[in-house]
Amino acid sequence: MEPSALHIELVEQCKANDRHAQMKLYRQYCDGMFCVAMRFLKNADDAEDVLQDSFIKAFQRIEQFKGDVTFGAWLKRIVVNGSIDFLKSKHQRTVELNENYMQVAADDDWSVEEGISMEQVKYAIDELPPKYKYVVQLFLVEGYDHSEIAEILDITETTSRTRLLRGKAQLKEKLKDLAYGT
């Protein structure tokens with residue numbers, strides 16, 4: 001049986017509330033989804049909590065899975081949303097700028113100074129203000145496009161582009177400081 005056919009079969013069994021099929025899907029995806037949650041939360045206990053909640057949500061809403069994307073992609077979106085919701089609940093004060101009226105310039109240059117490690121890039125992303133960090137992380141690390149980011153964060157595509165541009169500018173400054181030790 002092909003892997004995709006096996007997934008479809010497992011999902012169908014899960015829709016019939018088959019606990020063995022649920023365990024198979026859980027075992028298959030738990031490590032990868034834990035890594036997704038960790039990239040956002042940076043804390044194993046929090047990531048484990050979000051992971052468990054995400055699987056519970058996924059199995060409760062398995063009827064909504066239509067197969068237009070892979071089960072892994074569908075589950076990843078639940079984990080990403082759960083991680084962001086968790087982070088939002090931890091940050092009580094949120095200041096929103098009205099960025100809908102700002103012009104966005106396209107800038108696809110993501111190059112960094114020589115000698116900057118991936119760990120330094122991840123650290124610098126983590127140091128960004130949350131509204132920029134989430135967009136940069138979703139775009140750069142998770143590979144979402146602006147329409148998907150807008151939907152996940154409940155913002156407009158223009159706001160997503162603006163935040164990405166500003167987040168990237170701040171990220172480059174942080175990385176420049178790391179490269180030159182200032």
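1. Buried here means under 20% relative accessible area. Phe55 has 3% relative accessibility, so Phe55 counts as buried. Phe59 is also buried, with a relative accessible area of 17%. Keep in mind that this is a predicted model.

2. Aromatic pairs come next. Searching the whole structure gives six of them. One involves Phe55 and Phe59: the ring centres are 6.0 Å apart and the planes meet at 35°, so this pair is tilted. Planes under 30 degrees apart would count as stacked, and over 60 as edge-to-face. Both residues belong to helix α3, which covers residues 44-60. They are four residues apart, about one turn of the helix.

3. Phe71 and Trp74 make a tilted aromatic pair as well. Here the distance is 5.7 Å centre to centre, with 45° between the planes. Both sit in helix α4 (residues 71-90), three residues apart, which is again about one turn of the helix. Phe71 and Trp74 are both buried.

4. Which residues do ring pairs link into a cluster? The members are Tyr29, Phe65, Phe71 and Trp74.

5. The surface carries a patch of negative charge. Asp45, Glu48, Asp49 and Asp53 gather there. Of these, Asp53 is placed in helix α3, the helix that also holds Phe55 and Phe59. Is Asp53 buried, partly exposed or exposed? Its relative accessibility is 46%, so Asp53 counts as partly exposed; exposed would need over 50%.

Terms used:
Residues are numbered from 1 along each chain as its sequence is written. This is a predicted model: local features need pLDDT of at least 70, side-chain atom pairs count only at pLDDT 80 or more; totals for chains, interfaces and linings use all residues. Side-chain values use heavy atoms; hydrogens and water are left out. Rings of Phe, Tyr and Trp (its six-membered ring) pair if their centres lie within 6.5 Å; planes under 30 degrees apart count as stacked, over 60 as edge-to-face and the rest as tilted. Helices (H or I, at least four residues) and strands (E, at least two) are DSSP runs, numbered from the N terminus. Buried means under 20% relative accessible area, exposed over 50%, partly exposed in between (1.4 Å probe, protein chains only). Patches are made of residues with over 30% relative accessible area and no salt bridge: like charges are joined within 9 Å, nonpolar side chains (Val, Leu, Ile, Met, Phe, Trp, Tyr) within 5 Å. Accessible areas come from the Shrake-Rupley method with a 1.4 Å probe; for residues, only the protein chains shown count as cover. A salt bridge is a side-chain nitrogen of Lys or Arg within 4 Å of a carboxyl oxygen of Asp or Glu. Lys and Arg count as positive and Asp and Glu as negative; His and the chain ends are not counted. The place of a charge is taken as NZ of Lys, CZ of Arg, CG of Asp or CD of Glu.
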